[in-house]
Amino acid sequence: MSLTLCITTPEGIVLAADSRQSYRNIVGAARIGSDSATKIFPVNERIGITVAGPAFLVDPNDTNVNPKGIGSYIQDFLNQTSKEETVKTITEKLQKYLKDIYKPDEQFTKMEAELEKQLTQIGGKIIKKEKGEFSQGVIIDFTDKDGKPQKAIAEIMPISVIVAGYDLVKVGKPEINAYNLLVPGPMVHIREHGDQNQYGANWTGQTDVVTRVVLGFDPRAENLSFIQGAKQNIGEQKISDELKSLEYNINWGAMTLYDAVDFAKLMIQTTSAVQRFSDGIKMLPGEMPGVGGSIDVAIILPYEGFQWHQKKALQLDKVSLP
């Protein structure tokens with residue numbers, strides 16, 4: 001699944017990612033395919049991207065219909081970009097490019113039909129259907145063969161991309177910008193030059209550990225019955241505000257680039273360690289340990305641009321010819 005982070009500071013931007021690539025095989029079992037996948041890509045000297053989500057996609061133009069690693073598609077896309085691109089135009093073009101390959105609407109239609117078929121085969125009677133957030137899935141209320149109410153959920157795993165960098169709006173004054181893109185889903189301007197929230201951290205992929213550490217709670221807690229009850233009695237906004245009060249006070253605007261690198265690496269290392277010793281949560285057991293392998297870290301400086309802080313390398317031995 002992955003874990004990627006983007007941290008914006010006055011000194012520069014940090015992009016970090018693990019290297020694990022996981023998938024489900026033909027019988028549905030979770031597998032670790034590789035611990036050497038690349039998830040950070042330089043767009044040009046001013047912009048970089050991170051990617052998380054499904055590790056393999058099927059190219060609709062591939063006559064052999066063989067899945068390829070998502071990194072291959074990202075590289076193909078980057079070869080079509082120019083040096084004049086802004087953070088926003090890269091995000092917009094990448095959204096269209098990934099939609100054309102991933103085809104989430106077609107996946108959703110097939111998934112919904114298959115789920116309805118399975119429910120009918122077990123004697124279920126569908127009562128109500130509704131789409132999940134951003135049309136990433138479907139939620140079906142049904143009664144089983146004994147007439148008991150049940151709920152079935154099927155979701156599309158979104159591709160999650162962070163595009164971050166500096167735009168040269170004025171000569172000599174690079175402006176920081178970052179977007180989070182979900183396919184399917186929205187394109188969100190998460191960090192904007194001049195905004196009071198221009199410095200901070202964002203993360204994508206298997207984010208539960210980072211969210212618990214920084215925000216102080218797991219977002220899945222909102223599904224607990226006492227939280228649902230509190231929302232009805234006190235109000236959803238009040239509960240949201242109180243949960244936000246658990247967040248650690250981190251002065252991102254005062255954070256050095258060095259410390260931002262340390263923070264990003266710590267979050268990935270901690271997530272990998274927790275996944276090593278756990279198997280999901282009691283509410284949802286059996287989660288895939290999708291974060292692991294070496295950690296890649298890139299920095300983007302306002303004037304010097306994109307640079308690798310640490311990156312795994314393919315070691316090649318030279319062959320001595322007679």
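Student: Ground rule first: axes are lines fitted to C-alpha atoms, for helices over the stretch in contact, with angles from 0 to 180 degrees between N-to-C directions. At what angle do helix α1 and helix α2 pack?

Tutor: About 130°, with the axes 11 Å apart. Helix α1 covers residues 70-78 and helix α2 covers residues 87-102. That makes α1 oblique to α2; under 35 degrees is roughly parallel, over 145 roughly antiparallel, 65 to 115 roughly perpendicular, and the rest oblique. Helices (H or I, at least four residues) and strands (E, at least two) are DSSP runs, numbered from the N terminus.

Student: What kind of model and numbering is this?

Tutor: It is a predicted model, where local features need pLDDT of at least 70, side-chain atom pairs count only at pLDDT 80 or more, and totals for chains, interfaces and linings use all residues. Residues are numbered from 1 along each chain as its sequence is written, and side-chain values use heavy atoms, leaving out hydrogens and water.

Student: Which residues meet between α1 and α2?

Tutor: From α1, Tyr73, Ile74, Asp76 and Phe77. From α2, Ile90, Lys93, Leu94, Tyr97 and Ile101. Contact means heavy atoms within 4.5 Å.

Student: What is phi of Lys103?

Tutor: Near 50°, a positive value in a residue other than glycine. Most residues other than glycine have a negative phi. Lys103 lies in the loop between α2 and α3 (104-121).

Student: Where does Lys103 stand on accessible area?

Tutor: Partly exposed, at 30% relative accessible area. Buried means under 20%, exposed over 50%, partly exposed in between (1.4 Å probe, protein chains only).

Student: Which residues of helix α4 are buried?

Tutor: Asp208, Val209, Val210, Thr211 and Val214, in a helix spanning residues 208-215. Their cover includes β1 (3-9), β15 (200-205) and α7 (257-277). Just after α4, Gly216 has a positive phi of about 95°.

Student: Whole chain now. How many helices and strands?

Tutor: Seven helices and 17 strands. Buried residues make up 45% of the 322 residues.
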